[in-house]
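Biologist: Hi! Could you walk me through the charged pairs in this one?
Modeller: Happy to, here it is.

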Amino acid sequence: MRTAPAPSAKGSVDGGLFAAVDIGASSGRVILGRISTGSGTPGANTADGGPARATLDVVHRFPNAVVQCDGGLRWDFDALFAEVLTGLAAAGTVAVERGETITSIGIDTWAVDYGLVNKDGELTAQPYSYRDERSRAAVARVHGKLDPARLYATTGLQFLQFNTLYQLATEPALGGLQAMLIPDLIAFLLTGQRRTEATNASTTGLFDAVAGDWATELFGPLGLPKDLFPPLIQPGETLATLLPSIVERTGLPAATTVVAVGSHDTASAVAAVPAEQEDFAYISSGTWSLVGLELHHPVLTEASRAANFTNERGVDGTTRYLRNVGGLWLLSECQRTWAEGGYRPAIGELLDAAAALPPGGPRINPDDPAFIAPDNMPDRIRAAARNTGAVLPDEPAAIVRCILDSLAAGYARTIADAERLAGAAVAVVHIVGGGSQNGLLCQLTAQATGKPVIAGPVEATALGNVLVQARAAGVATGGLPQLRSIVGAGTSLRRYEPLDLISNTAKN
């Protein structure tokens with residue numbers, strides 16, 4: 001494993017200040033991002049000859065979790081939005097203290113979940129979480145009305161029981177209501193404008209992967225109103241300025257705009273992959289692992305459907321050709337279970353102990369639906385190992401190693417399948433997000449794929465969010481390669497080779 005030094009910021013000057021609201025399934029942040037451009041010219045090199053760089057400053061962190069409410073697992077959206085306002089107020093205060101002004105706000109969250117809003121703009125209930133089991137029973141009902149092969153040929157979306165169309169099939173009545181995906185719902189409450197951002201729309205199962213618009217021909221057979229979702233907006237387009245009530249509550253200037261970004265957090269993360277070439281695979285590693293390729297066109301073949309690959313919209317009209325693979329949710333749930341029993345080791349201690357174990361231990365299927373809901377994860381993982389005929393000791397180190405070996409094997413299978421199905425060849429694998437900090441996972445992935453792994457940035461989602469805002473403001477210019485060069489210039493990346501030894505990688 002080789003570590004590149006972080007570049008110097010010498011000679012940089014302010015190129016704009018942007019607020020990123022970045023919310024995942026377990027936590028959220030409001031982040032201030034700045035693009036340093038050196039000469040003040042958009043996209044220019046810095047005074048020391050280096051390219052523009054992005055810097056981030058987290059001004060507010062808050063938890064996010066599903067709650068048992070009204071007979072199901074739901075998001076406490078009212079509390080979530082209150083935290084967003086608190087974070088935006090904090091961002092405004094920091095900007096004023098620095099003598100600066102926030103140019104715009106961008107919002108990204110997880111996908112598929114939505115809130116129902118009535119004609120008066122009121123949220124009818126707290127949004128369900130995709131981890132609720134309600135949509136499982138709706139799958140057969142939906143497929144009885146629309147053949148899965150037809151669905152895939154139109155939407156290109158992989159089958160997941162919690163995809164939006166299956167959730168909507170459980171709703172008793174939708175007349176007079178609009179479904180607003182979580183980032184769009186936040187943007188609506190900030191601006192009063194109803195739109196659906198395209199990258200997140202592509203995760204609903206109701207979006208035409210080729211036309212890049214709503215697949216309205218699917219709405220009728222499912223009994224869905226054709227105006228169920230607001231019109232689309234593309235990343236980089238300005239939604240509106242803040243409502244007066246939001247200006248009053250946050251103290252932000254009335255001219256502050258909300259700009260659509262890749263509002264599906266994976267779309268923003270992929271936009272910030274610091275790739276220097278097109279033949280790369282990416283792994284956005286967090287609660288879930290999103291593993292795939294960036295393509296110029298969707299792959300809608302029957303073989304692709306059989307492999308359960310998805311074609312989701314990316315920034316600049318790209319296709320994120322990927323599969324969901326289980327993620328670090330398995331590890332975090334194990335830690336939660338162990339903590340409830342009084343065992344609270346540091347993550348570094350767990351990884352060191354796991355790295356010391358010999359290879360060839362038990363593996364499980366990390367994206368098995370049995371792991372979706374919160375529960376006793378160590379017991380479920382040991383049961384899954386038993387189902388394969390293996391015996392997994394009840395030792396945390398063994399369970400952690402099983403999780404990481406299984407994830408790395410899943411990553412390798414998925415990348416190989418993507419190469420085959422898309423007719424592409426991958427030279428390097430980029431891991432971004434929280435998993436890029438897990439040296440053992442990165443090294444195991446390099447060994448499983450037989451390809452070098454470049455780890456970082458951790459904050460890829462926020463960087464992608466900020467960069468799209470910066471380009472909309474004219475502070476950054478160019479396409480995705482130019483935006484990615486900004487990420488690469490300002491990030492310390494780690495490279496893992498397939499033949500490197502595992503020892504001493506857990507701490508790095």
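Modeller: For a start, a salt bridge here is a side-chain nitrogen of Lys or Arg within 4 Å of a carboxyl oxygen of Asp or Glu. Keep in mind that this is a predicted model.

Biologist: What about glutamate 340, how far is its N to O contact with arginine 336?
Modeller: Glutamate 340 and arginine 336 form a salt bridge at 2.7 Å, N to O.

Biologist: And why are those two about one helical turn apart?
Modeller: Because they sit 4 residues apart in helix 10 (residues 329-340).

Biologist: Is glutamate 340 buried or exposed?
Modeller: Glutamate 340 is exposed, with a relative accessible area of 60%. Arginine 336 is partly exposed, at 31%.

Biologist: Switching topic: which residue does arginine 34 pair with?
Modeller: Arginine 34 makes a salt bridge to glutamate 100, 2.7 Å from N to O. That pair links distant parts of the chain, 66 residues apart. Arginine 34 belongs to strand 3 (residues 27-36), while glutamate 100 is in the loop between helix 1 (77-97) and strand 7 (104-108).

Biologist: Are those two buried or exposed?
Modeller: Arginine 34 and glutamate 100 are both buried.

Biologist: Nice. Which residues are linked in a network?
Modeller: Asp22, Arg29 and Glu459 are linked by salt bridges.

Conventions:
Residues numbered from 1 in each chain as written. Predicted model: local features only at pLDDT ≥ 70, side-chain atom pairs only at ≥ 80, totals over all residues. Heavy atoms only, no water. Buried < 20%, exposed > 50% of the residue type's maximum accessible area, 1.4 Å probe, protein only.
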